Amino acid sequence: MSLPDYGFYILCGTAVILLLTEAVRDTTNFAQTLVFGLTQGAIFALVALGYTMVYGIIELINFAHGDVFTLSAYVGTTILGLFAVNEGSFTALNLAVLVIIFPVVMLIMGGINVAIERVAYRPLRNAPRLAPLITAIGMSFFLEGVMFLWKGPATVHFPNILPQWTTTVAGVFFGFKDIFVIVTAAILVALLAFFINRTRLGKAMRATAQDRDAAQLMGIDINRTIAATFFIGALLAGAGGIIYGLYYGTVYYQLGFRTGLIAFTAAVFGGIGNIPGAAIGGLIIGLTAAFSDIYIGGRWTQVVIFGILIGVLVFRPTGLLGMRVPEK
Amino acid sequence: MVRARGLVVLSMALMVAFACGGSSPGTSGSKGTIKIGSDFPVCTTGGQSTSNGVKFAVDQKNAAGGVEGFKIVYQSFDDCRQGSYNADAGVANVRQMLDDSAFMGMIGPYNSAVAKAEIPIAAPKNFVMISPANTNPCLTKDIPSCSTAYHPQDLRGSNPNNYWRVVTTDDYQGPAMADYMFKQANIKTVAILDDSTVFGVGISGAFEAEFKKLGGTVVKHQEYKKDQQGTQFQSLLQSMRTASALYVGGTDDQNICIPRAQMKQIGWTAPFGGGDGIETTDCIDQASGNETGILATSAGADATQVPGAKDTIAKFRQAFTGANDFGGYTMQAYDAANILMTAIGNAIKSNGGSMPTRKQVRDAMAKITTFQGVIGNYGFDQNGDTTLKIVSIYEVKTGLSDADVKSSTGVCGKKLANACFVWKTQFDFATSS
C-alpha cells in the first residue's frame, strides 16, 4: 500500500467513526436519515450510470444527460395527465398506468437520446474533444428551453399515484414510496449489469470502450454500439425521472442541472467509466447529502460533497473503484 | 380570457367614443399621452395578477376621461429571466422607461431585491416608483437590522426620495406571524427555513427576533439555495422536526413550499407559516397533498375585508375573468396606479395644465399625505412608507364550495381549484405599538 492509500483509508475511517458516533447518540434520527439518503442516492445512481456509460465509450461528458432525466419526468407527467388517475388512493387504474408508464417513457427517452447523439455528437466524433463537450452544453440548454416553453417556469406537479401506505418501525417513518424507489433502482442496476456482462451487445460495448479501432476491425458496428449506449443510458435516466416525480411530486425545468452535476460527481467519485462504481458513488453521494443536511447544515452540503470528492480524487485519482476501462 | 379582454377593449372604446362625442372638446387624449410603466415578474401568476391591477386602474381612468385631459398609456415590463425575477432584467426595464421621456413613473417592482437595484438608477432622474409588493424594510428605513445589508441613503444617494410603497414591511410581517403563532396558536417552539434571498433572510430574521422576544424557542434555523437543494428537503426537515411549527422565509419561485409537501412524506404534522412570498397559487401547487393549513402573512389590509373595495373587486372580476387573474397584490397595484395618476394629475395642474416634468411629478407625489384607496385610507411618511401598518394572516382551506372560492382571496391552486387562501385575522401595528 502506498501513502495515498493510507490517506484514503484515514479519510474514510474518520467519516465512518463520526457517523457511528451520531448513530449511537440518536439511533432513530440516524436511521431515518439513512432512509432519505438511500432514496436520494438510488436516484442519483440511475442518472450517474448514464454519465459513466457514455464517458466509458466515447469519453464525452454528456452534460445534457441531467436534462434528459428532467425531460422524462415532464413526459411522464404529461402522459399521466391523459388518464383519470386517482391521487391519494391506489386504484386498479393507477396500477395499470404505473405498469405502462415506465416502459413507454423509457422508450421515448431512449429514442430522444439516440436522436441527440445522432445530431449533436456523432458528426463531431473525430473533432477535437472540446467540440462535443460544447454541443453537450448547448443540448442541455436546448432541452431546458424546450421544457421552459412547454410547461413554463413554475414547478410542475407530478401525480402521486403510488399507494399511500406508510409505517413506523422503531421510530423510523417510511412508506411504500421509499421501498419502491430503492427496489426499482436496484432491479434496473441488476438488469444493466446482466446486460453489459452477459449479452452480445454488452460485450460489443465493452470492446468499443476498450479500443474503438480494434473493435471495428473485429466487425463491431461502432455507430450502432454507441447509439445503443445512449439508448440504455436514457432508459435509466427515464426511469430515474419517473421515480423522482413519483417520489417528490414536483419537478421544474432546471432540475436537471443540479441533479446532473451531482450524478456526474457520483460517477467521478466511483471511478468514471466504471458501472458498479457509478451505482455505489450515487448511493454514497445521496447519503452524504442527507447526513450533511441534518448534522452539518443545509448550507454546507454542497461544500461537503465536493470536499469529499476532492479528497477522494487526491488520494485515489481513479475514483473509489478505479477505472475498469483503460484511458486512451 | 382573450374574448373577455376583447370585450373590455371594445366597451372601453365605445365609452371613449361617447366621452369624446358627448362632452366638450378637451377630454381624453386631446392633450397628448403620458406613459406609466410597471415592472413585475409577469411570468409568474403573482406578477401577472399584480400587473392586471395596474391595467384595470388605467383602463378605468382612461374610460373616465384620462388625467387632466391626458390619455394614460400603460406598458407592462417583465423582469423574469429563466422563470423568476431578476434584478438585472428589472434595471434594463427601468433604463428603457427612463429613455422615453413620456414615462412619468412606474408601478413596481414586485421583489425587494429588484427594487434595491432599480432605485439607484431611478432616483437621480426623479423617476417615481410606487411598489405594490416590496416589503424589505431596508429599502426605506434606516433601522439597526439593516446595518449589515444596506441603507436607503445608499440607494438614492443625495437625491430626494423617489420610492413609495403601499404595503408595510417585513419588520411587521415577520413579527405578525410570530405573534399569531405564539399568542393565538399557542406554539412555543419553532424551526425556521429560509431560501437565502434578500427577502427570505430579512423576513425570517424579523420573525426569529420577535418569537424569541415573546419567550419562544427557535430549535433550528436552516437555509438552502434552490440551485443546490433541488427538491430534496427531507433531511433538512428531519433536522428540524422537534419543533412544533415551521416558519419559512422565502418565495415560491425558490421552491419554498415544496417542504410543505414533504413534511407529510416524513410524517411530520405541524403548522407551516410564511410571509407574502407563499401567499400564491404556485405555493398551493407545490404543497400538493398537504395544502391544508398553510399560514401566510400579507403586508397590507385584505382588500376583501375592506367594505369599500367590494365594488371594485366585483368590477375587476367582470373585466378579468381568468381563475388566477386576481392575486394577493392586485388591489395594492390598483391603488398604487391610482396614487401615481393622482400625483401626475396634481403635477399637470401645478404646471398650468400642460405636460409636467418628472421632477414635478415627484414633488407632487411627495405632497400626497392622504389617499382614499380600496385597501384603506392612508398616507405616506417622508421615507415613502405607508401609514397603514396592517398585516393580514391567511390560511389555506381545501374543499371549498364555489361560493367560498369566490369570496376568498382568489389565490387558489391551479391543480386544486378549491384550495384557496382564506383571510383569517389581521394585526394592526399602528394601533398596537
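The predictor's confidence in each residue is called pLDDT and runs from 0 to 100. The structure shown is a predicted model, in which local features need pLDDT of at least 70, side-chain atom pairs count only at pLDDT 80 or more, and totals for chains, interfaces and linings use all residues. Residues are numbered from 1 along each chain as its sequence is written, while chains are lettered from A and ligands numbered from 1 in the order in which they are written.

**View 1. Confidence along chain B.** Chain B has a mean pLDDT of 87, with 92% of its residues at 70 or more. Helices (H or I, at least four residues) and strands (E, at least two) are DSSP runs, numbered from the N terminus. Among the elements of chain B, the lowest mean pLDDT, 46, belongs to helix H1 (residues 2-22), and the highest, 96, to S6(B). Over residues 12-29 of chain B pLDDT stays under 50, and the model has 21 contacts beyond four places in sequence for this stretch. Two residues are in contact if their C-beta atoms, placed from the backbone, lie within 7 Å. Residues 6-10 of chain B also stay under 50, with two contacts beyond four places in sequence. Where pLDDT is low, the predicted coordinates should not be read in detail.

**View 2. The open sheet of chain B.** Five strands of chain B form an open sheet in the order S2-S1-S5-S6-S7, with parallel pairing. Strands S2 (71-78) and S7 (163-165) of chain B are the edge strands, each pairing on one side only. From one strand to the next, the twist averages 25°. Two strands pair if DSSP finds at least two bridges between them; strand S6 (residues 128-131) of chain B and S7(B) have three bridges in the parallel sense. Met129(B) stands opposite Tyr163(B) in S7(B). Helix H3 (residues 87-99) of chain B lies across S1 (33-40), S2 and S5 (103-107) of chain B, and runs at about 175° to S1(B).

**View 3. Helices H4 and H9 of chain A.** The axes of H4 (residues 92-121) and H9 (residues 222-248) of chain A come within 7 Å and cross at roughly 140°. Axes are lines fitted to C-alpha atoms, for helices over the stretch in contact, and angles run from 0 to 180 degrees between N-to-C directions. H4(A) and H9(A) are therefore oblique to each other; angles under 35 degrees count as roughly parallel, over 145 as roughly antiparallel, 65 to 115 as roughly perpendicular and the rest as oblique. The contact of H4(A) with H9(A) has 16 nonpolar, four polar and one charged residues. Ala, Val, Leu, Ile, Met, Phe, Trp, Tyr, Cys and Pro count as nonpolar, Asp, Glu, Lys and Arg as charged, and the others, Gly among them, as polar.

**View 4. Helices H11 and H12 of chain A.** H11 (residues 275-296) and H12 (residues 301-315) of chain A pack at an angle of about 135°, with their axes 9 Å apart. That angle makes H11(A) oblique to H12(A). Residues of H11(A) including Ile285(A) and Ile296(A) meet residues of H12(A), among them Val304(A) and Ile308(A). By class, six residues of this contact are nonpolar, three polar and one charged.

**View 5. The contact between chains A and B.** Chain A contributes 27 residues to the contact and chain B 31. On the side of chain A that touches chain B, the elements giving two or more residues are H2 (27-58), H10 (255-270), H11 and H12 of chain A. H2(A) gives the most, with five residues. The predictor gives the complex an ipTM of 0.87 and a pTM of 0.82.
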